[in-house]
Structure formats: C-alpha cells, structure tokens
Amino acid sequence: MKLLYEGKAKKLFKGPQKGTIVQYFKDDATAFNAQKKDTVIGKGIINNYISSRIFQAINQTDIPHHFIKRLSEREQLIKEVEIIPIEIIIRKVAAGTICKRLGIKEGQVLPNTLVEFCLKNDELSDPIISREHIEMMQLANNFEMETIISTAFRISDFLTGLFSMIQIQLIDFKLEFGRFYNSNGFHEVILADEISPDSCRLWDIKTKKKLDKDRFRRNLGGLIEAYTDIANRMSIKLPELNVEK
Ligand code: 5GP
C-alpha cells in the first residue's frame, strides 16, 4: 500500500477504493510535542479497537464522520478528507495544559463546558489560538467553524453518556475535522482522526484513577492495563497482545 502520511501515532495509506484511506495505528507514544517518546507494545491495537467502537456508536446519531470499518488489528478504512489544521479541545474538568496555563487546580469541574482551539503545527508545538486567529489565517470559514463547534458539543454529550455507563468520567478530549468532497466539488465538514485514550482524558468515576495517556505523559506506568480496562468495560474483545508482563 502506498504511504501517504506518517504522523506521531498513525500512518495513512492509499485505500483500496477511490476516496478511501487505510488508517494504521502505531505503538509509538509521544508527549510534550514529541520531546518524550517511546514505544508501548499493543497501544495501537487497543486504540484501533476503542476508536472503531466509538465511531460505530456515533452511528446512532446523525453526526457525519470518516470511519467506514475496522479492517484488521491495526487498520481501519476511512473516507479521504482534507484535514482542517485545527485541534478542537473540549474540557469539562480542569486537567493538563489548562492547569499549567491558568493555574487552575486539576480536577476542578468547570462551570461550563469549555472549547479551545490549537493550530496543528508540530514545529510551533500546536499553539492555542482564538477564533479570530482562525479567521485571520483562513484555516476554516465561519460556517465550517459553527459546524465544528456544534458537532464537538454534541460529541461531548454523547461521549459523556457513553463513558458514564461504564463508570468512566470524561475529563477532556481533542477532535479533528476534515472536508469531505463529493463528486460535484461541494464539501461537508466531517469528524475525522481518532477518539481513544490517547486523545481523551478518562478517569475512573469513583477512584479518579487516570485511564488515559497521562499514564505515559506523567510516567505513571500501567498504560496498557488502563487502556485494556477501558476496552473491557466497553465489552470489546481484544486480540491476544504480545505484551510482556
Ligand atoms: P492538553 O491541552 O491538556 O494537553 O490536552 C487536552 C486534551 O486534548 C487531552 O485529552 C489530550 O489528550 C488531547 N490532546 C491535545 N493535543 C493532542 C494531540 O496533539 N494529540 C492527541 N492525541 N491528543 C491531544
């Protein structure tokens, strides 16, 4: 398969049909804009299974997305989109960079669900940007931004419900959107990328144990165990992972 793009955690290959892509999940883990790097054997497989299941669940709604089907342990078939170079972050509870930036205590429930945007640019370490920056840089038009924001809030409600059913608290998450062009040259903005414990903060509702990539970022250990715990709670049957205990 022809490699089209290699990112920090995934590779994209040309898909079998026109307008399709094969998204391959790697075991590479990076944090702090790749200053911290490692390989966590099995992570890509678990993320592929969890993200596939979440996108399938989103099919219960009318939210358009890129996911077609999971092909194998590490691969999914997706629709080809032009990625909008913005990360949209939704926060319900303070954690991560908002605590560092604003001095807010981790774990504080935010009075309102908060939306933030970052520019997707590794060289600049994905800086936080405003809607005015997005407009100035012409990264997305107003109509696209309204779609992105309203969809992100709907995903937030949907994921909050999905995770609370399995005793997990959704703290925050990151989404990416892309332009899906139809044959007439018109496009629709659809949800893309992945939704996994790499892109969401997920805590056990009762114990507040971190079940996400913060285990890697903060050297807490037990990342595979935590991701497997999420998969088990979602009743996902994972393949045998060749992970040394
Ligand atoms: P923070 O800004 O606190 O680092 O991240 C907020 C949320 O967005 C977290 O759930 C984090 O996992 C996710 N996030 C932010 N930037 C990225 C990124 O570049 N890649 C991934 N996978 N997730 C991100």
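The side chains of Lys174 and Asp193 meet in a polar contact of 3.1 Å. Here a polar contact is a pair of N or O atoms within 3.5 Å; within protein, one must be able to donate a hydrogen and the other to accept it, and residues adjacent in sequence count only if both atoms are side-chain atoms. Lys174 also reaches the side chain of Glu176 in a polar contact of 2.7 Å.

This is a predicted model, in which local features need pLDDT of at least 70 and side-chain atom pairs count only at pLDDT 80 or more, while totals for chains, interfaces and linings use all residues. Residues are numbered from 1 along each chain as its sequence is written, and side-chain values use heavy atoms, with hydrogens and water left out.

Lys174 belongs to strand β12, residues 168–181 (helices, H or I, of at least four residues and strands, E, of at least two are DSSP runs numbered from the N terminus). Lys174 counts as buried because its relative accessibility is 18%; buried means under 20% relative accessible area, exposed over 50%, and partly exposed in between, with a 1.4 Å probe and protein chains only. Leaving aside residues up to four places away in sequence, Lys174 touches Glu87, Ile88, Ile89, Asp193, Glu194 and Ser199, where contact means heavy atoms within 4.5 Å.

Now to the salt bridges, each a side-chain nitrogen of Lys or Arg within 4 Å of a carboxyl oxygen of Asp or Glu. The count comes to 24, and the table gives some of them.

| Pair | Closest N and O atoms |
|---|---|
| Glu6 and Lys26 | 2.6 Å |
| Arg201 and Asp172 | 2.7 Å |
| Asp204 and Arg233 | 2.8 Å |

Arg201 sits in strand β14 (residues 200–204) and Asp172 in strand β12, so their pair ties together parts 29 residues apart in sequence. Both ends are buried: Arg201 has a relative accessible area of 11% and Asp172 one of 5%. The other pair from β14 links Asp204 to Arg233 in helix α6 (residues 223–233), 29 residues apart. Asp204 is buried at 11% relative accessibility, whereas Arg233 is partly exposed at 23%. Salt bridges with shared partners also join Arg91, Arg101, Glu116, Asp172, Arg201, Asp214 and Arg217 into one network.

What about disulfides, pairs of cysteine sulfur atoms within 2.5 Å? The count is zero. Cys118 is in no disulfide, its nearest cysteine sulfur being that of Cys99, 14 Å away. For Cys200, the closest cysteine sulfur is in Cys118 at 15 Å, too far for a bond. Cys118 is buried at 8% relative accessible area, and Cys200 is buried at 5% relative accessibility.

Terms used: A disulfide is a pair of cysteine sulfur atoms within 2.5 Å.
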